Amino acid sequence: MKVSTYKLLGFLLFFFSYHCQAWPRYKFVVKEAPYTRLCSTMNILTVNGQFPGPTLYVNKGDTIVVDVYNRGNYNITIHWHGVKQPRNPWSDGPEYITQCPIQPGAKFRQKIIFTTEEGTLWWHAHSTWLRATVHGALIIYPKIGTSYPFPKPDVEIPIILGEWWKEDIMKVYLDLERYAGLGVPSDAYLINGQPGDLYPCSKPETLRLKVKRGLTYLLRIVNAILVDGLFFAIANHTVTVVGSDASYLKPFNRTFICLTPGQTVDVLLEANQSPNHYYMAASVYTTVTRSGDYDNTTTTAIVEYNGNYTPSSPPVFPYLPGYNDTEASINFTASLRSLVDKEHPIDVPMEINTRLFYTLSLGSPCKNNSCPAGEQLRFIASVNNVSFLNPSIDILQAYYCCIQGVYETNLPDFPQLFFDFTADYLPTEWEIPQLGTKVRVLDYNSTVELVFQATNLIKGSDHGMHLHGHSFYVVGLGLGNFDKDKDLSTYNLVDPPLQNTIHVPRNGWMAIRFKANNPGVWYMHCHFDRHMVWGMDTVFIVKDGESPEAKMLPPPLDMPPC
């Protein structure tokens with residue numbers, strides 16, 4: 001293992017500055033705690049005994065330190081979803097990508113650097129499926145002395161959409177990993193940790209949002225679901241969408257919204273209806289066709305107006321699209337437009353020097369029906385026909401210390417074979433991808449256009465693609481096969497939304513652009529966690545630039561060992 005003198009000196013300087021700065025500090029104790037849902041009590045993994053976990057509040061441009069103590073029974077890491085962490089991948093969190101996990105009884109100090117983010121993000125575990133219960137909101141206020149680009153709301157409320165299994169989540173995960181099937185769907189969806197009126201033994205604890213007529217409420221909504229998109233609505237109310245993924249949008253009104261796993265959406269709710277009780281509700285959006293393979297339940301909370309009146313019983317229920325309403329999902333995504341004003345400019349790359357085309361496919365690891373009896377429905381997932389394998393040490397350490405044999409830098413820029421990706425019937429031999437730890441190296445400040453193409457192999461699927469270390473502009477989307485000769489002319493290069501997580505529709509495509517200006521090792525993966533387990537992930541390594549400010553920071557001394 002070779003480490004240069006320059007890196008060693010930088011390492012020591014960084015260590016002393018890292019541990020001596022007076023940044024705000026938070027303590028995360030990962031531990032089990034008993035929680036009762038759906039008529040039974042079980043121990044779940046939490047942070048500080050809270051479910052959902054604690055909400056953190058910062059201002060734009062802040063830096064904070066979080067000390068993570070693992071008092072649980074499993075290895076764990078914590079990821080700060082959507083925080084770009086400039087030059088500091090060491091605290092990004094994905095297991096075996098930027099760090100080895102924090103082992104039971106151990107501790108890791110993470111430095112979280114905020115830059116341009118403003119709005120709502122979230123944090124979550126990034127090892128196995130522990131994020132099912134280890135997650136919380138991350139609120140980024142405007143810089144002190146500045147304000148929102150809309151009238152200041154009277155009240156702000158984080159809304160975390162989660163889910164609950166009656167079975168231990170690690171058993172659910174291990175069964176999925178072992179058998180590579182669809183896995184056991186959750187038994188309930190949750191709003192701020194509660195299932196709501198429509199589930200057994202849940203009515204007394206249903207979340208009740210008390211509102212006063214005439215006031216405006218900023219709802220900061222997080223989709224913390226593991227494997228499905230969600231539709232969300234409030235009965236008899238239109239919400240104004242003003243932000244997503246910690247970036248402001250041109251305001252627009254909707255009676256419902258759609259969020260892919262990992263995505264955040266900020267909406268303004270005006271309490272302008274007749275005093276009554278109104279359901280807030282969320283239900284699944286999925287392209288899975290068998291009803292037993294997804295959670296088809298609906299979670300609710302109640303918006304209660306102040307005053308003396310006799311409320312409707314039951315409360316008024318909102319309209320939610322059908323579970324497989326792709327048109328409703330796409331129409332919502334296509335409505336997102338960056339705000340673009342003097343205080344909130346955008347910088348869409350116009351001259352592209354790195355073009356990538358990534359197919360997103362499901363497949364099978366079994367050739368010629370070779371799976372054992374009872375395991376025919378085994379799945380594998382891939383990016384450009386490469387199914388990602390996690391290494392035994394983290395890729396960041398291997399890159400920084402020049403350790404050979406951990407990863408390969410030959411992830412294809414384009415699929416080896418172009419075909420009708422969305423055809424109804426595709427040859428079964430195309431369902432068997434390569435296996436490997438393949439990454440893509442990017443030059444510092446390179447301008448990247450990446451087209452995601454969802455294929456119809458194994459009947460296809462939606463995908464929620466998330467990129468660490470960068471936000472990106474969503475410049476185009478559509479159904480069918482991407483056609484560069486006609487689809488380039490439909491790109492929105494004027495006010496595309498700036499996102500970190502996007503919903504690529506089944507048998508559709510999505511084009512993004514970003515500048516690779518953050519040196520380090522950055523994970524890209526599907527946020528449908530079973531797809532990630534099956535191998536729909538990869539890594540971008542962004543090389544250092546020339547100036548000291550364009551080089552990756554050295555690691556802290558307390559990096560968890562492998």
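## Ground rules

Two strands count as paired if DSSP finds at least two bridges between them, and the strands themselves are DSSP runs (E, at least two residues), numbered from the N terminus. What you're looking at is a predicted model, where local features need pLDDT of at least 70, side-chain atom pairs count only at pLDDT 80 or more, and totals for chains, interfaces and linings use all residues. Residues are numbered from 1 along each chain as its sequence is written, and side-chain values use heavy atoms, with hydrogens and water left out.

## Strand β1 and its partners

Let's start with β1, residues 25-37. It pairs with β2 (residues 40-47) in the antiparallel sense, over eight bridges. Thr36 has Thr41 in β2 as its bridge partner. Two residues sit between the strands of this β1–β2 hairpin, and Leu38 there takes a positive phi near 55°.

β1 also pairs with β4 (residues 63-70), this time in the parallel sense and over six bridges. Here Arg25 stands opposite Val65 in β4.

## Around His466

Now over to β26 (residues 463-467), where you'll find His466.

Another polar contact, of 3.1 Å, links the side chains of His466 and Thr501. Leaving aside residues up to four places away in sequence, His466 touches (heavy atoms within 4.5 Å) several others, including His81, Asn500, Tyr523 and His527.

Key:
Helix = DSSP H or I, 4+ residues; strand = E, 2+ residues; numbered from the N terminus. Polar contact = N/O pair within 3.5 Å; in protein donor to acceptor, adjacent residues only side chain to side chain.
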